[in-house]
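Subject: Structure for your review

Dear colleague,

Please find the structure below, followed by an account of what was found in it.

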Amino acid sequence: MKEARGGMWMKYVGAFGLLLLLVGSYIGLFVAPAERHMGDVARIMYVHVPTAWVAMVCYTIAFGLAIVSLWKETAVSDARMTGAIETGVVLNGLLLLQGMIWGRPTWGVWWDWDVRLTTSLVMFLLFAGVLALRSFVDDARRRAAWSAVATIVAFVDVPLVYFCVRWWRSLHQVQSTPSTVDPMMVIPLRINAFAVLFVALWMIHMRKRIELARRKREETDLPERLAVQEGEANA
Amino acid sequence: MSNERKRRRLFIIAAAAVAAATLGYLASGGIGENLVYYWSPSELEAAGDEAIGASIRLGGLVAPGSIERGGDGLTLKFAVTDGECEVPVYASAVPPAMFREGIGVVVEGTMRDDGTFETRRLMVKHDNEYTAPAEGDSVDVEKMMQSMQFERSES
């Protein structure tokens, strides 16, 4: 029952996030000034930057849950970890596309093998790999353990994505701070950051429920499937 | 605590240790010296003849007053500087609209034996400052998007 009420609550978090996204994007597109050198093209940052932040937040949540999942071995922590990775991978994919769309008119290229771009692509592939790994393991407990360990290993790339632009030379610029960004641009950036975060938390919750339902079906189907296998073996 | 649980916890600790060690290694500059996205003009000059014919990226600022555009609109000469050295660059590429004096660029190509850097791939860097247009500034987005229409001439 507690779970069901939590679900109701998350729905409002998601709806509030979508509403914030509309407000933030409106301010970003129509109220905030254009950028001095990039003009209106720079307005893509109001989705690009929040997408990047929240993708990394999702992976960080997944990392924490991976440790919990190994420690406590509960179905919920495994399902929630999977939801966080799925949401992270979707945002990560969007992030790469938005970056390419921004890069072409400003840098002059869709893509280059600079550290920020490369580590972001690696991050996408690593976590997509964790999801692929899950689909190969039939035993629920083993699947939880393996994917938790894989998540911990994949997570090494996340701080790397964040810090690489400071540690090495790159095409991508280093992080901006409020002092390097016009105050009127900071407002929609902040609003959209929370907007995407709320939508992501709601998505994680929904994916967790799906994963739990999938596991439950697996468990109820198991005796049936074993019976079928036995039948095939006897035939 | 059962043996299995003990093993599992050992597993977590091992995985976390591997992760932390990898990150620590990277942070302490273990591969930092081998991971060079671009060379500065000074480094390129220090490399001397070794740079000739090698496939490299050169990064720096476009030296003020150095831009010469070719009549066909497809070639471009300018110098890349890091404040100490200047390398003349010959580019057969259409630069993005952001290209201007004093901006950061990364060019991919090779050093010719006459001391000019030849490139077909010209990338413009943007710094982390985002400011509103100052009085009198105008960004021609039309022109900015137009620079995307050209493809590099391979001839």
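A crossing is called left-handed if the near helix is turned anticlockwise from the far one by less than a right angle, and right-handed if clockwise. Helices (H or I, at least four residues) are DSSP runs, numbered from the N terminus. This is a predicted model, in which local features need pLDDT of at least 70 and side-chain atom pairs count only at pLDDT 80 or more, while totals for chains, interfaces and linings use all residues. Residues are numbered from 1 along each chain as its sequence is written, and chains are lettered from A in the order in which they are written.

The crossing of H2(A) and H6(A) is left-handed. Their axes (lines fitted to C-alpha atoms over the stretch in contact, with angles from 0 to 180 degrees between N-to-C directions) come within 10 Å and cross at roughly 150 degrees. H2(A) is therefore roughly antiparallel (an angle over 145 degrees) to H6(A). Here A:Met56, A:Tyr59 and A:Thr60 of H2(A) meet A:Val158, A:Val161 and A:Tyr162 of H6(A); residues are in contact if their C-beta atoms, placed from the backbone, lie within 7 Å.

H2 (residues 45-72) of chain A also packs with H3 (residues 75-106) of chain A, at an angle of about 155 degrees and with the axes 8 Å apart. This crossing of H2(A) and H3(A) is left-handed.

Finally, the contact between the chains takes 42 residues from chain A and 38 residues from chain B. On the chain A side, H2, H3, H5 (140-154), H6 (157-167) and H7 (183-234) each supply at least two residues.

Yours sincerely

Definitions and conventions:
Two residues are in contact if their C-beta atoms, placed from the backbone, lie within 7 Å. Angles under 35 degrees count as roughly parallel, over 145 as roughly antiparallel, 65 to 115 as roughly perpendicular and the rest as oblique.
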